[in-house]
Amino acid sequence: MVETINGTVDVEFHGVTKRYGDILAVDDMDLEVSSGSFVSLLGPSGCGKTTSLRLIAGFEQPNAGDVRIGGASVVGVPPHKRPVNMVFQNYSLFPHFTVAENIGFGLRQLKPRPSKTEITARVGEMLELVRLQGFEKRRTWELSGGQQQRVALARALINRPTVLLLDEPLAALDRKLRQDMQIELQTLQRDVGITFVLVTHDQEEALSMSDTIYLMDEGRIIQMGGARDLYDEPINRYVADFVGKSNFFDGEIAEADTSGAVIRLASGRVLRGRNPRGVESLNRNAAGVIAIRPELIHIEKANGSASLTTDVETTARIKNRIFLGDQTEYLVEAEGFGNILVLASKHAESVSGGFSPGDFVNVGWKESSALALEDTSKGGRPTAVPVPKIG
Amino acid sequence: MASTGNTGGPNNRVTAMLLLPTTLWFFLLLVMPLVVIAVYSLGERAPAGGYQPALTLAQYGNLLARLKAFTNTLTLAPLGTVLCLLIAYPLAYYLAVKAGRGAKPFLLTLVIIPFWTSFLIRTYAWIYILGGRGIPRLLEMIGIEDVRLIYTPTAVLIGIVYGYLPLMVLPIYVSLEKLDKSLLEAASDLGASPIRTFFQVTLPLSAPGLVTGSLLVFILLMGEYLIPALLGGGKVFFVGNALVDLFLQSRNWPFGSAVAIALVGIMLAAVALYLTLVGRDRDRQNVSVL
């Protein structure tokens, strides 16, 4: 094991590159997963997250760079000789085995092979861990999706791997069950103390379960950090756009310093935003964007007087309203800004009485709520934006 | 063969009508002839040949006179099935698992292409290949003399493997093609070496195709006539050849019928034994046989 400030490191990528023909799936990637943590690789399909997972499992070998598990290089080591186990996206349970035989499969491959009684005992422990006692003799296809998933978990955990790999494990479950399993997975991870590496395209899943999230795009890690870091301190437009909802006001960076930047919109309006944590200063005259989360925008009845709580304020007209239950989403149109998305809490609605399409309102926000970001979608990759190491 | 115990109604009538052609076909062309042959087997040979009614088991008592045909069939048919299996499995595995997307349709076509020519003509070709001017001549050129192939059991086996291989390859290919490849990754991930993965996952999950292919080849081989007739040259003959001889040459229909019934009986017993052996193992695994 490798000693770091945070303790031991279970998985490391050093400049790992994986190509399929002309397609660059993983591009010079560095990764460090500390022992006992719950890490997510998050990104849209084709971002290289699944390839990264398969590189750890050994189903793929890198074209360049080094993959290390527990400090030792595993390049060239086949999957069956790696101390990692995987929960597959479709679970991949063996249809010709019972639940107990599926779970015990890993034990039966050990040399020397444990005795029958030991296998039965260990399988029993795993069944208890995933709360499937009494299902030993069942066929895997008789089980519900959630139960199959728990069998897959038990099967992957029985050999006490250094790292458990999870490939979109919740994608096949319905919403309610998915939320239950999120909690269950988190609890399980704390109980067994094994490092979990989860691959998902679902930002909510990543945000709710992981200690550390690696947001990926085009085979690279764009930002790494905790859920709060990614949501509150996105380092560029891509991150702010992928994680949660955001309003974006496009323009040109007119002024920039270490605290923030001023961006001139096409309409001539000038908006100020702060730098996200870890970003020193933006490049002046480059394409920039002001990003504001819809829940950070204040909305009130248009009454001509400026609100005391906001720094930027404008009048707007309600275009659309979506009732979400716990909150209400408004799409408003403001001159010089275009469309603005606003989320009003239940409490705010009870104070204002709510708005209807066509109503005129005042919307505004604090400058500290607005982030000034480089617009990587226009200028290609960020050139000098350092990836902050947090947590 | 219509389903029984249903509540009736129009649905049942449609089912019955759909099954009617098959039922008639089986009754007229399978059950009736079998009954006729069973009855004939209890009769006597008419003085001028053919059948003469009687009720005797004498024909069955005489079966040992054709023992050689039975032993040939019962050794070469299972042996041929096993050889087909051993050669077909790696081929089917390659086609289903390893072959690239582009190559696969082409290779599958290659497996099927022999069917485009008459089986008779293809077997005739083997007479030349195995005969004095074929392979033995080539072997002579490299110094191996006096190799005799044609009209030997080896020749018959070569003909069998050549003729029946596609029938074994295709069902195994289908079952391997359906096999979820991520199961192989899962086995490997859980610590199984490639060899163990094959025996613990691939082989059991391709068993349905293996059983189907084996039964198909074995049952057809038990009644094989053409290959021993052409490549066995009267020296290596099957029960099928004995039957032709009995019915057409010596015109001893009752004895021929008894031989035919005995063959059917042995075949049923062999298939039942095979399915029991396979089934005992599969009861646990609960994978449908056919």
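This is a predicted model: local features need pLDDT of at least 70, side-chain atom pairs count only at pLDDT 80 or more; totals for chains, interfaces and linings use all residues.
Q: Let's start with strand β8 of chain A. How many of its residues are buried?

A: A residue counts as buried if 20 or more other C-beta atoms lie within 10 Å of its own. In strand β8 (residues 163-167) of chain A, five of the five residues are buried, so the strand is largely enclosed by the rest of the structure.

Q: Which residues point which way from β8(A)?

A: Val163(A), Leu165(A) and Asp167(A) point one way, while Leu164(A) and Leu166(A) point the other way. Buried is the word for all of them.

Q: What does β8(A) pair with, and in which sense, parallel or antiparallel?

A: Look for bridges between strands. β7(A) and β8(A) run parallel and are joined by four bridges; here Met86(A) has Leu165(A) as its bridge partner. With strand β9 (residues 195-200) of chain A, β8(A) pairs in the parallel sense too, over five bridges. In that pairing, Asp167(A) stands opposite Val199(A).

Q: What about the nonpolar core: which residues touch the most other members?

A: The general idea is that in soluble globular proteins, nonpolar side chains tend to be buried together. Here the largest nonpolar core has 158 residues, and those touching the most other members are Ile56(A), Leu165(A), Val197(A), Tyr214(A) and Leu215(A). Helix α7 (residues 153-178) of chain B gives the most to this core, with 12 residues.

Q: Where are the domains of chain A, and how many residues does each give to their contact?

A: Chain A is split into domain 1 (2-231) and domain 2 (237-385). Taken over C-alpha atoms, their centres are 38 Å apart. Domain 1 gives seven residues to the contact and domain 2 gives five. On the domain 1 side, β10 (212-217), β11 (220-225) and α7 (227-232) of chain A each supply at least two residues.

Q: And how many residues are in contact between chains A and B?

A: The size of an interface is often given as the accessible area lost when the parts come together. Here we can count residues: 18 of chain A are in contact with 18 of chain B. On the chain A side, β7 (84-87) and α2 (99-108) are the elements giving two or more residues. By class, that side has eight nonpolar, eight polar and two charged residues.

How values were computed:
Residues are numbered from 1 along each chain as its sequence is written. Chains are lettered from A and ligands numbered from 1 in the order in which they are written. Two residues are in contact if their C-beta atoms, placed from the backbone, lie within 7 Å. Ala, Val, Leu, Ile, Met, Phe, Trp, Tyr, Cys and Pro count as nonpolar, Asp, Glu, Lys and Arg as charged, and the others, Gly among them, as polar. A nonpolar core is a set of buried Ala, Val, Leu, Ile, Met, Phe, Trp, Tyr and Cys residues joined through C-beta atoms within 7 Å. A residue is buried if 20 or more other C-beta atoms lie within 10 Å of its own, exposed if 12 or fewer, and partly exposed in between; C-beta atoms are placed from the backbone. Domain bounds come from an automatic or database domain assignment. Two strands pair if DSSP finds at least two bridges between them.
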